[in-house]
Each structure stands twice: as C-alpha cells, then as structure tokens.
Amino acid sequence: LFDGVYPFYPQQRKAFVFDVSTILVIMVFLTFACGFLLIIPGIRGRARLYWTLRVLLSLVVGVVIVAVQFTGDWETGWVTANTSYKSFSRALVNADIGLHVGLAGVNVTLMGNPVNQVNETINYNEHFAWSFDADYDHSYGEGLEKGLPNPILYVAEKFTMQSPCGVHRQYRISGHYASATLWVAFCTWLISNILFSLPVLVYGGYMLLVTAAFMIFALLSFSTVRNSPMCLIQFGTTTLRIGYGGSFWLTLAIGLLCFVSGITVVALHYFNLDLLKTFFDLHEDKAEEYQEMTEVHINADFVNKGL
C-alpha cells in the first residue's frame with residue numbers, strides 16, 4: 001500500500017473465451033471462405049450449389065478443430081456473491097465470479113454489481129496457464145505479488161499443485177492429450193479433403209470417420225477430469241459449480257457431423273455411386289473415361305490380307 005492506494009494494475013487482461021489466437025484462426029478461415037466465394041460464380045449449374053455446400057462445411061469443420069484449442073470455455077461456471085475484495089480490508093462487494101477452463105489453463109473473472117464499488121472499478125479477468133511450457137504456480141505467485149482481488153486468488157488457488165484438491169495434474173494432462181488428439185484430427189481432416197479432390201471418394205469418407213473418432217477421443221480425454229472430485233468453491237452460502245461449456249459441445253457437434261458425413265459418403269459409394277459422383281462433380285469425367293466405343297471402323301485391305 002502507498003498512502004492507502006492499492007497496487008497499480010498494469011498488465012493486459014485476457015478475454016475468457018476469445019483471445020488473439022482464436023481471432024487469427026477465424027480470420028484465416030474466413031479469408032479462404034471469401035476467396036472461394038469470389039470464384040463460385042464461375043461454376044455452372046447445380047455443381048455451384050454442391051461446391052458451396054462442400055467447401056463451407058469443410059471450412060467449418062477445420063476452423064472448429066483449430067479454434068477450440070485456444071478457447072477458454074470447455075468448462076464454465078458463474079456465481080453471484082457478497083465477498084471480501086482485498087486482503088487486510090473488511091469491505092464486502094457484490095460481484096459476479098466466473099471460472100472458465102480451457103485446454104491450456106483457466107480464466108477467472110470478477111465483475112462488480114455495480115462495476116464501481118469501494119471507490120474502484122471491479123472488472124478483472126485473469127488467465128493462469130498450465131500447459132507444459134508454462135508454470136501455473138509461478139503465475140499464481142505473480143498474482144499474489146500484484147495484489148489481485150481475493151475471489152480471483154481463492155479460485156485460482158484450487159488449481160495449484162500444492163492445493164489439497166489435487167486437480168492440477170489431472171486437468172493439465174487431460175488438456176494436453178485432448179489438444180494433441182485434436183491436432184491429429186486436423187491432420188486427418190486435411191487428408192480427407194485431399195482424397196475428396198481425387199477420384200477416391202470412399203477413402204475420403206473413411207478419413208472423415210477417423211476425424212470424427214479423434215474428436216470424440218479428445219472429448220473423452222478431457223472428460224477424465226470428472227474422475228477427480230472437485231473441491232467446493234464456496235463464497236459464503238453460495239457455491240460456484242462448473243459444467244461443460246460451449247467449446248465442449250461445439251466439438252461434440254462437429255464430431256457427430258463428421259461421423260454422419262463419413263457414413264453417408266461410404267454408404268453412397270456402395271449403394272448409389274452415381275449420386276455420389278454427381279455431388280462431387282466427378283460423374284461427367286468418369287463417364288467420359290469409361291465411355292464404351294459404339295462404332296468400329298475396319299480397314300478392308302487388312303482383312304483381305306489376313307492381317
């Protein structure tokens with residue numbers, strides 16, 4: 001303290017759902033989508049609709065697989081409570097306290113009701129990373145040195161290595177393997193797009209099924225954190241409870257979409273190949289390739305000579 005003034009708060013705060021990495025990923029895929037929309041008028045007939053549907057669905061799958069790596073709402077929870085604000089102070093504030101768990105760390109938010117209380121603006125958002133190239137306990141220690149509000153430190157302390165909760169290792173390993181599995185799913189998604197551009201559609205369908213499988217494996221990996229009992233995060237008589245967030249359910253939806261799409265491609269390959277070729281704009285090329293010769297011209301001189 002300096003003449004009763006709390007420590008200055010200089011660092012840049014991090015959004016709990018979207019950060020710079022997520023925005024960059026979305027911008028890259030939007031650039032690809034806009035580039036395709038510029039050339040779509042040059043495609044004639046029903047093939048224009050088929051191309052648009054295929055490309056946009058594929059880009060949605062790709063952007064989700066990459067973007068959820070950086071989002072912070074795989075698990076999320078909110079609570080409104082009256083709580084102490086700073087150490088060595090008896091002042092109570094009414095605030096919304098949020099916990100947002102991602103694959104690489106947690107975000108803890110604190111927003112006052114109203115925002116201006118005890119002569120301060122109560123609007124905090126702190127990120128604590130636990131990826132293998134980050135030290136969670138060090139980030140927590142820096143928060144102590146900066147004098148972060150008590151609710152943020154209280155929630156963040158539950159995930160430290162020294163915490164009696166013992167969930168740090170489980171969240172860290174589960175998030176790491178979920179992230180690695182999603183990167184494998186991204187690779188299989190790229191392979192499926194390459195195969196769909198070639199006349200081997202059924203193998204593209206198989207790779208879509210593999211993509212769906214790895215996305216489901218990522219969800220199962222992250223879900224293993226539920227095997228460890230979570231300590232109560234309690235503010236007076238209210239308890240902060242967390243559940244699966246938007247990124248978890250979005251990954252599940254895209255995984256099911258890949259599964260249904262893969263099954264559809266494989267089924268059409270065996271039961272209605274012409275429809276599948278038409279959808280992928282390969283029907284005319286294959287028809288010309290396998291077109292039977294209906295008229296034969298024979299040189300009469302060769303026949304007469306016995307050749």
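Reader: In which strand is proline 114 found?

Author: The model discussed here is predicted. A cis peptide bond joins asparagine 113 to proline 114. The strand in which proline 114 is found is S3.

Reader: What is the omega of the peptide bond that joins asparagine 113 and proline 114?

Author: Most residues other than glycine have a negative phi, and most peptide bonds are trans. The bond between asparagine 113 and proline 114, by contrast, is cis. Its omega is about 5°.

Reader: Which residue in the turn between S3 and S4 has a positive phi?

Author: S3 and S4 form a hairpin, with two residues between the strands.

Reader: Which residue in S4 is the bridge partner of glutamine 117?

Author: Strands S3 and S4 run antiparallel and are joined by nine bridges. Among these pairs, glycine 105 has alanine 129 in S4 as its partner. For glutamine 117, the bridge partner in S4 is glutamate 120.

Reader: How many bridges pair S2 with S3?

Author: S2 and S3 also form a hairpin, with three residues between them. Across this pair, glycine 98 stands opposite threonine 109 in S3. The pairing is antiparallel, and the number of bridges is seven.

Reader: In what order do the five strands stand in the open sheet?

Author: Strands of a sheet pair through backbone hydrogen bonds, either parallel or antiparallel. In this open sheet of five strands the pairing is antiparallel. The order of the strands is S4-S3-S2-S1-S7.

Reader: Why is one side of strand S4 and of strand S7 left without a neighbour in the sheet?

Author: The open sheet runs in the order S4-S3-S2-S1-S7. Strand S4 (120-129) and strand S7 (243-244) therefore stand at the edges. One side of each is left without a neighbour because each has a single partner strand.

Reader: Which residue in S7 stands opposite glutamate 75?

Author: Strand S1 comprises residues 75-84 and pairs with S7 in the antiparallel sense. Two bridges make up this pairing. The residue in S7 that stands opposite glutamate 75 is tyrosine 244.

Reader: At what angle to S3 does helix H4 run?

Author: Two helices may be considered together here. Helix H3 (residues 136-146) lies across S3 and S4, running at about 160° to S4. Helix H4 (residues 150-157) lies across S1, S2, S3 and S4, and its angle to S3 is about 160°.

Reader: How is H1 oriented relative to H2?

Author: Helix H1 (residues 20-39) packs against H2 with the axes 10 Å apart and at an angle of about 170°. Angles over 145 degrees count as roughly antiparallel. H1 is therefore, relative to H2, roughly antiparallel.

Reader: How many nonpolar residues are there in the contact of H1 with H2?

Author: From H1, the residues in this contact include Phe29, Phe32 and Phe36, and from H2 they include Trp51, Val55 and Leu59. The residues of the contact comprise three polar and no charged. The number of nonpolar residues is twelve.

Reader: Which helix supplies the largest share of the lining of the largest pocket?

Author: The largest pocket holds about 750 Å³ of space, and 26 residues line it. H2 (47-67), H5 (168-196), H7 (246-271) and H8 (273-279) each supply at least two residues of this lining. The largest share, eight residues, comes from H2.

Reader: How many charged residues belong to the lining of the largest pocket?

Author: Nearest the centre of the pocket lie Arg54, Val55, Ser58, Phe196 and Phe280. The lining as a whole includes 18 nonpolar residues and six polar ones. The number of charged residues is two.

Conventions: Residues are numbered from 1 along each chain as its sequence is written. This is a predicted model: local features need pLDDT of at least 70, side-chain atom pairs count only at pLDDT 80 or more; totals for chains, interfaces and linings use all residues. Side-chain values use heavy atoms; hydrogens and water are left out. Two strands pair if DSSP finds at least two bridges between them. Helices (H or I, at least four residues) and strands (E, at least two) are DSSP runs, numbered from the N terminus. Contact means heavy atoms within 4.5 Å. Axes are lines fitted to C-alpha atoms, for helices over the stretch in contact, and angles run from 0 to 180 degrees between N-to-C directions. On a 1 Å grid over the protein atoms alone, a cavity is a set of points where a 1.4 Å probe fits but cannot get out, and a pocket is an open set with protein on both sides within 12 Å along at least five of seven lines; lining residues have an atom within 4 Å of a point. Grid points are joined across faces, edges and corners, and a volume is the space filled by probe spheres set on the points. Ala, Val, Leu, Ile, Met, Phe, Trp, Tyr, Cys and Pro count as nonpolar, Asp, Glu, Lys and Arg as charged, and the others, Gly among them, as polar. Angles under 35 degrees count as roughly parallel, over 145 as roughly antiparallel, 65 to 115 as roughly perpendicular and the rest as oblique.
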